[in-house]
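Please walk through this model one chain at a time. Keep the sequence at hand while reading.

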Amino acid sequence: MPHIGLFIPCYIEQFYPQVGVATYELLKTLGYQISFPLHQTCCGQPLANSGYACESKKSVTQLLSRFEAYDYVVGPSASCVYHIRQHTASLLKDHKPLKNTAQKFLDLTEFIFSQNRQNDIQGFFDGRIALHKSCHGLRRLKLGKCSELMGKEENQQAVLLQQIEGIEIVTPQRADECCGFGGTFAVTQEVLSTRMGMDRLQDYLNAGAEILTSGDMSCLMHLDGLIKRNHLPLKTMHLAEILYQAVQQKQSSVKSSAYVQ
Amino acid sequence: MSTRNKLLKKLKNISVPSVSKPDIPTFEQSLPITAVREQFVQQLKAVGANVQLITTTQEQVQWIEALVGQSSYIDTLASDHSFLPLSEVENYQWVILQGHIGVAENGAIWVDDNSLPTRALTAICEKMIIVLPQSLIVQNMHLAYEMVCKKQYGYGVFIAGPSKTADIEQTLVKGAHGACELTVIIDISQ
Amino acid sequence: MSNSINHARNAAQFNQDPQKVTWHDKALWHVREKRDSSAQQIQEWETLRTLASQIKAHTLSQLGDYLELFEKQALQNGIRVHWAADAQEHNQIVYRLLQKHQVSKVVKSKSMLTEECQLNTFLYQKGIQVTDTDLGERIVQLAKEPPSHIVLPAIHKTREEVGELFHRTMQTEAGNSDPTYLTKAARKDLREKFLNADAAITGVNFAVAETGEFVVCTNEGNVDLGANLPNLHIACMGIEKVIPEQKDLGVFLRLLARSATGQPITTFSSHFKKPSKGREIHLILVDNGRSEQLNREDFRSSLQCIRCGACMNTCPIYRRSGGHSYEATIPGPIGAILSPGKDLKKYSQLPFASTLCGACSAVCPVKIDIDTQLYKWRQIIGKDKSLFTKKTLMMKIGGKMLGDYSLYHFTAQLGKRALRLLPSWLINNHFNAWGKSREIPEVPVQTFSTWFKNQQHHEHKK
């Protein structure tokens with residue numbers, strides 16, 4: 001079994017520890033050896049997307065140096081992972097080992113599929129769920145086929161959800177339109193960002209969603225902020241939370257049925 | 001130095017890594033001509049054209065007469081109209097043109113100045129008839145250009161349906177500047 | 001130096017009418033949907049995109065050679081070829097030709113290049129009557145506005161607005177905004193202009209080096225009417241519009257209209273190879289910054305653009321901010337990577353008018369990596385000292401903070417408390433922007449690190 005370094009993006013560390021917990025526990029149920037190196041810093045994406053990638057060198061170096069020892073680095077964020085793999089190399093010109101480390105980063109869904117473990121996540125979860133396909137996960141990490149491309153429909157995150165008993169996946173009219181988060185875009189273009197987010201939410205509500213899930217908590221942070229401000233009947237959960245709860249539910253039902261016998 | 005030479009020199013000094021040109025397949029499928037014609041007819045309808053299938057010259061004449069009725073028309077198939085002054089062309093309601101290639105994937109028909117007394121005839125009359133033998137229908141644009149490249153022309157155009165616009169609130173309106181109506185007569189005996 | 005345009009402010013203004021935003025978004029999304037169903041019918045769609053991208057990249061790698069070949073072939077065909085280094089030279093060439101032919105009335109078909117060169121304004125000043133003949137272009141010309149979209153110039157106008165405009169300028173019935181009625185009225189009005197024009201000016205979609213011909217694509221037939229009636233036809237093109245061989249047209253014509261409007265092909269794909277007897281065709285090859293863009297390795301492929309507008313229809317920002325918010329000849333995602341190359345200071349906000357969602361790159365028929373180029377422009381703008389702003393300073397401080405774990409940790413903790421206790425302290429204006437329409441995430445009882453440490457502690461105990 002490979003040794004995994006758990007990467008918890010800074011805003012998940014601070015605001016959404018439960019997503020980190022679910023990721024950690026889910027990987028554990030799959031039998032992996034997981035370490036969580038402390039003192040992880042930001043991947044630098046907010047700086048880089050604002051045009052200041054060069055200012056993020058120290059932060060990136062610090063972050064990557066925590067993970068040199070592992071076979072894979074897995075995190076519950078397609079966006080951060082994409083940024084690290086795609087954009088940090090130019091900052092680390094003189095540091096080959098760190099550049100190699102950057103290429104070991106995988107998003108949770110990506111990791112599960114790369115290990116061919118997608119069928120090993122079975123369980124039960126009750127809910128009408130809409131999958132918000134985050135742009136970086138979809139179009140950059142290619143966790144699925146985006147609606148612009150022609151060809152066979154496929155989506156890894158949807159596959160994971162479809163395997164869980166009790167889940168009804170609802171489909172919005174616009175399959176994969178951006179929610180308008182976009183990092184600092186959310187504040188520099190607050191009006192557009194809000195409008196885009198509200199449009200997505202309306203689409204998911206019209207489809208009958210009760211729970212909105214995604215592989216990226218950043219989109220959900222933005223959408224959840226809008227949901228709460230507007231008191232919309234929707235709940236947001238990271239994909240890892242749903243999968244972990246589903247697996248737990250199954251384990252407990254196995255336990256309880258054993259007890260009955 | 002002239003602008004031309006300056007620019008060409010500038011472009012030569014920009015080093016762009018060489019990229020080879022890809023081969024372009026024809027994407028031709030093995031289909032009977034009737035299937036290709038059927039797709040052509042479907043596409044013609046989709047782009048707003050009327051279609052008439054005929055088997056004899058006599059039928060062709062009958063159809064044209066029926067369509068044109070008492071209106072004025074220019075029949076480029078019938079006789080030499082090279083004497084027609086441009087200012088007069090505008091006064092004719094109908095024009096009848098010879099099509100040289102039909103493209104099944106999009107309903108486009110190639111017309112060129114080999115059979116046009118004057119070029120503006122492709123867009124000046126209210127109503128248009130294009131006559132095309134079935135044997136000149138090809139599956140797609142790649143095959144169409146295999147035919148175009150053998151032609152000598154000064155002006156040639158693929159026409160796909162009547163002139164149209166959707167510039168006002170995306171509402172489709174036929175007859176923006178060119179023909180408001182296009183009927184394609186396909187001779188399926190040829 | 002020109003003033004910077006403020007896309008965020010323009011977008012906010014556009015959003016003051018939420019219903020209009022809904023309408024604009026839906027109209028363009030509908031075009032995107034038509035594009036999707038049209039592309040779905042072509043099995044080899046993705047292969048065609050790859051071919052188109054390769055043909056364009058190949059052409060750009062030998063641009064000078066192909067331009068020379070094109071010129072040679074065109075001259076042999078009897079087309080006269082001119083070269084212009086910039087917009088000014090282009091306009092002068094056009095004017096000289098019009099003067100030579102004693103032209104006072106010109107009909108023009110759609111050409112983004114002449115928009116870029118502001119040819120109309122230039123010719124008005126010289127006393128020449130210019131009539132745009134594409135219906136959308138005519139609408140914006142009458143409204144004295146620039147086009148808001150490169151394929152659908154008047155997409156920002158409702159039928160009622162067009163009805164009112166035509167009533168005012170063409171005396172159509174008051175209150176009649178039926179598109180068929182209005183289109184017929186414009187047809188009648190423009191037919192007159194066509195018949196009386198002394199010259200036609202058109203754009204160029206593709207110029208074929210091998211044959212020396214050029215192709216113009218329209219739906220209305222205004223090119224075939226305009227260019228074939230008067231004795232003088234002037235065609236204007238950017239130097240990147242040249243393609244090597246005629247058979248390449250097969251690839252591009254299959255992609256262009258399907259990407260643009262979802263039509264299988266434009267109604268007219270007009271090939272001009274030789275002038276007819278007694279007439280002249282002049283073609284102007286324009287650089288106007290293209291060679292500079294070719295020299296920028298990271299942005300070179302932006303010159304592959306075939307101006308289909310698919311990136312605009314697909315862009316969630318464009319659809320909700322309107323084309324005019326970009327204040328550039330080419331709006332939308334492709335405009336946001338082309339414009340900074342022309343004037344970095346003026347257009348320094350455009351690469352930020354995006355969430356980097358990447359839909360533009362995925363829809364592009366010639367596979368321009370638009371979102372990657374937006375990211376790269378941002379880095380250039382971030383480093384440009386002349387554009388040094390308060391934001392630059394903030395980001396520098398941010399970089400320092402994020403790079404030092406203990407400082408980062410301390411500030412994050414402080415920030416979290418601040419969110420709860422002291423919203424105006426430490427939290428800068430940008431955080432206020434977050435809170436304007438969104439709740440700030442609730443602060444959990446512990447961070448993940450704390451949880452993990454406790455959990456490890458428990459496991460050890462076990």
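Domain bounds here come from an automatic or database domain assignment. For chain A, that assignment gives domain 1 (3-114) and domain 2 (120-247). This is a predicted model, in which local features need pLDDT of at least 70, side-chain atom pairs count only at pLDDT 80 or more, and totals for chains, interfaces and linings use all residues. Residues are numbered from 1 along each chain as its sequence is written, while chains are lettered from A and ligands numbered from 1 in the order in which they are written. The model scores ipTM 0.97 and pTM 0.95.

Start with chain A. The C-alpha centres of its domain 1 and domain 2 lie 21 Å apart. Their contact takes 27 residues from domain 1 of chain A and 24 residues from domain 2 of chain A. Two residues are in contact if their C-beta atoms, placed from the backbone, lie within 7 Å. On the domain 1 side, helices 1 (10-15), 2 (17-29), 3 (45-49), 5 (78-87) and 7 (108-114) of chain A each supply at least two residues. Helices (H or I, at least four residues) and strands (E, at least two) are DSSP runs, numbered from the N terminus. Helix 2 of chain A gives the largest share of that side, 7 residues. By class, the domain 1 side has 15 nonpolar, 9 polar and 3 charged residues. Ala, Val, Leu, Ile, Met, Phe, Trp, Tyr, Cys and Pro count as nonpolar, Asp, Glu, Lys and Arg as charged, and the others, Gly among them, as polar.

Next comes chain B. It has 5 helices and 11 strands. Its C-alpha trace spans about 65 × 45 × 40 Å along the principal axes. Of its 190 residues, 43% count as buried, meaning that 20 or more other C-beta atoms, placed from the backbone, lie within 10 Å of the residue's own. Among contacts in chain B with a separation of 6 or more, 72% join residues 24 or more positions apart.

How does chain B meet chain C? In this interface, 59 residues of chain B are in contact with 66 residues of chain C. Helix 1 (3-13) of chain B provides the largest share of the chain B side, 8 residues. That side divides into 29 nonpolar, 18 polar and 12 charged residues. Strands take part too: 5 bridges join strand 8 of chain B to strand 9 (residues 268-272) of chain C, and the two run antiparallel. Strands pair if DSSP finds at least two bridges between them.

Now look inside. The largest nonpolar core has 262 residues. Such a core is a set of buried Ala, Val, Leu, Ile, Met, Phe, Trp, Tyr and Cys residues joined through C-beta atoms within 7 Å. Those with the most contacts inside this core are Leu243(A), Ile109(B), Ile130(B), Phe214(C) and Met237(C). Leaving aside neighbours within four places in sequence, Ile109(B) is in contact with residues including Ile130(B), Leu132(B) and Phe158(B).

Finally, check confidence. Chain C averages a pLDDT of 92, on the predictor's confidence scale from 0 to 100 for each residue. Over residues 417-428 of chain C, pLDDT stays under 50. Where pLDDT is low, the predicted coordinates should not be read in detail.

Note on methods:
Buried ≥ 20, exposed ≤ 12 C-beta atoms within 10 Å, placed from the backbone.
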